[in-house]
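Student: I've got a model open and I'd like to learn how to read its features. Could you walk me through it?

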Amino acid sequence: MAGVVLAISSVVAAPAASADIPGKDEIVKSPNISHLANIPKEGPFANVNALNSDWAFQGKYAFGGNYEGFTIYDISKPATPKVVTQVHCPGAQNDVSISGNLLFLSTDRSMSDDSCQAVPMPATEKAAWEGIKIFDISDVRNPRYVKAVETKCGSHTNTLVPGKKGTAYIYVSSYSPSDTFPDCKPPHDLISIVKVPLKNPTAAAVISEPVLFPNGGNPGDPAGTPWPNGTSATSGCHDLTAYPAKNLMAGACMGDGVLFDISNPEKPTTITSVRDDENFAFWHSATFNNKANKIVFTDELGGGGAATCNTTIGPEKGANAIYDIVGKGAKRKLEFRSYYKIPRPNADTENCVAHNGSLIPVKGKDIMVQAWYQGGISIYDFTDSSKPKEIGWFDRGTFADTLVTGGSWSAYYYNGYIYSNDIQKGLDVLQIKDKATDKGARVKLDELNAQSQPDYFDQD
């Protein structure tokens, strides 16, 4: 396992003066971005503590997670999206993935049972439940809850890996064990793999719990390390991004960034891993470029609840780290190329850090759209992995006069448009018109789970 702290070869300039920060709720954007629509959160999802979370897409529908459940939107007309239905089913984070007629929902909060009427229960109670819920969405107006699968330490996020003969695998990421938790004891150096027969989802079950860090992973820095320094110990993974067409997966695992071989989806194996104990606090998520010779890892400094996009923190912490994949087969390694952080200032009342994004499919280019919480949305080109550059952006001023968790949780490109799940403001639909990205609108997908990346161009 590699454990080298790597030098910076390229960074984006630190944010400018605070006078450039937009006012409360003020929308600012680059000229090539159009803000087409916004649908505020509704009903039980409108509460400030009901955070919007991740996205999945299928056909003309977008499925948006929320800590209180999920919302289905009709996006057949992106400029005038409509709410189809809401499913009230509390259980943070309620990240979503889709395969065919099934939706998979992550519950990472200890609940009294596996129903949608459950209430929080301490994880110290053996009877508490958390894991994966499965819904039949063949009728999008009336989703039907069909199955629950309990997993160790719950399901913070989930990643869909297609199998053969009508089978899907759900890789469940979870972390933060405790000796006081009956179902989540340390060491927790594993993921849970749920096998789902797509035509018989009631038979879904955990089939394996592979240990990914037999040596314990990154030990991390001791408690009390001065802010903003300190690296998390590895006790599981936060997020896994599969690239099934390449039999690869990238793992953002708290203190480690990992490249996996998933040619046998029931037995993922580690190819190589890296650490950055100087500038990365918490390896949060990962995105391959389409050729699968680069990975963008994100660092969720401050857990997504801190103001880190300012001159005090600087351009390296709370940023993306771009790595090239070099070598072949089992000898592949990850080599650091640069950091990328949004080049705009943010107020101290704005939680801001690198978060979830996806590729804009332009052949021969590596372009990504990415959420930065209250830092807004950034579109940047990392074709030259040593010199990433921003080509478009969208931002709102601070949500409140005090630090309240808000902003874009996930911003993904789907069939020509950018869909942002804003934690407090709801669905935003954006369009970028730029010669660098226009060709991306020609690529049409039937389904998108951002953590199960498609090969947009069927490259060999």
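This is a predicted model: local features need pLDDT of at least 70, side-chain atom pairs count only at pLDDT 80 or more; totals for chains, interfaces and linings use all residues.

Student: How many helices and strands does the protein chain have?

Tutor: Helices (H or I, at least four residues) and strands (E, at least two) are DSSP runs, numbered from the N terminus. Here the protein chain has zero helices and 30 strands.

Student: What does the radius of gyration say about the protein chain?

Tutor: You take that radius over C-alpha atoms and hold it against the globule rule, 2.2 Å times the number of residues to the power 0.38. The protein chain comes out at 20 Å, close to the 23 Å that the rule gives for 460 residues, so it is as compact as a globular protein of that length. Its C-alpha trace spans about 55 × 50 × 50 Å along the principal axes.

Student: And what percentage of the residues is buried?

Tutor: Buried means under 20% relative accessible area, exposed over 50%, and partly exposed in between (1.4 Å probe, protein chains only). Buried residues make up 60% of the 460 in the protein chain.

Student: Now the cavities. How many does a search of the whole structure find?

Tutor: The general idea first: rolling a probe the size of a water molecule over the atoms shows where empty space is left. On a 1 Å grid over the protein atoms alone, a cavity is a set of points where a 1.4 Å probe fits but cannot get out, and lining residues have an atom within 4 Å of a point. Grid points are joined across faces, edges and corners, and a volume is the space filled by probe spheres set on the points. The search of the whole structure finds eight cavities of 30 Å³ or more.

Student: Which residues are closest to the centre of the largest cavity?

Tutor: That cavity has a volume of about 150 Å³. Of the 17 residues that line the largest cavity, Tyr373, Arg396, Gly407, Ser408 and Asp422 are the closest to its centre. Strands E26 (389-396) and E28 (417-422) each supply at least two lining residues, and E26 gives the largest share, three residues. The lining of the largest cavity then divides into four nonpolar, seven polar and six charged residues.

Student: What about the second largest cavity: what lines it?

Tutor: The second largest cavity has a volume of about 90 Å³. Its lining has 15 residues, with Ser110, Ala123, Ala128, Glu130 and Asp183 nearest the centre. Seven of the lining residues are nonpolar, three polar and five charged.

Student: Which residue forms a salt bridge with Asp183?

Tutor: A salt bridge is a side-chain nitrogen of Lys or Arg within 4 Å of a carboxyl oxygen of Asp or Glu, and the whole structure has 14. The partner of Asp183 is Lys126, with the closest N and O atoms 2.7 Å apart. Lys126 sits in the loop between strands E8 (102-111) and E9 (129-136), and Asp183 in the loop between E12 (167-173) and E13 (192-197), so the pair ties together parts 57 residues apart in sequence. Lys126 is exposed, at 55% relative accessible area, whereas Asp183 is partly exposed, at 26%.

Student: Which residues form a network of salt bridges?

Tutor: Asp324, Glu335 and Arg337 are linked that way. Within that group, the closest N and O atoms of Glu335 and Arg337 are 3.0 Å apart.

Student: Last one: how many aromatic pairs are there?

Tutor: Rings of Phe, Tyr and Trp (its six-membered ring) pair if their centres lie within 6.5 Å; planes under 30 degrees apart count as stacked, over 60 as edge-to-face and the rest as tilted. The count comes to 20 aromatic pairs. Tyr340 and Tyr380 are stacked, 4.2 Å centre to centre with 15° between the planes. Tyr340 lies in strand E22 (residues 333-340) and Tyr380 in strand E25 (residues 377-381), so the pair ties together parts 40 residues apart in sequence. Tyr340 is buried at 1% relative accessibility, and Tyr380 is buried at 0%. Ring pairs also link Phe280, Trp283, Phe297, Tyr323, Phe336 and Tyr339 into a cluster.

Conventions: Residues are numbered from 1 along each chain as its sequence is written. Side-chain values use heavy atoms; hydrogens and water are left out. On a 1 Å grid over the protein atoms alone, a cavity is a set of points where a 1.4 Å probe fits but cannot get out, and a pocket is an open set with protein on both sides within 12 Å along at least five of seven lines; lining residues have an atom within 4 Å of a point. Ala, Val, Leu, Ile, Met, Phe, Trp, Tyr, Cys and Pro count as nonpolar, Asp, Glu, Lys and Arg as charged, and the others, Gly among them, as polar.
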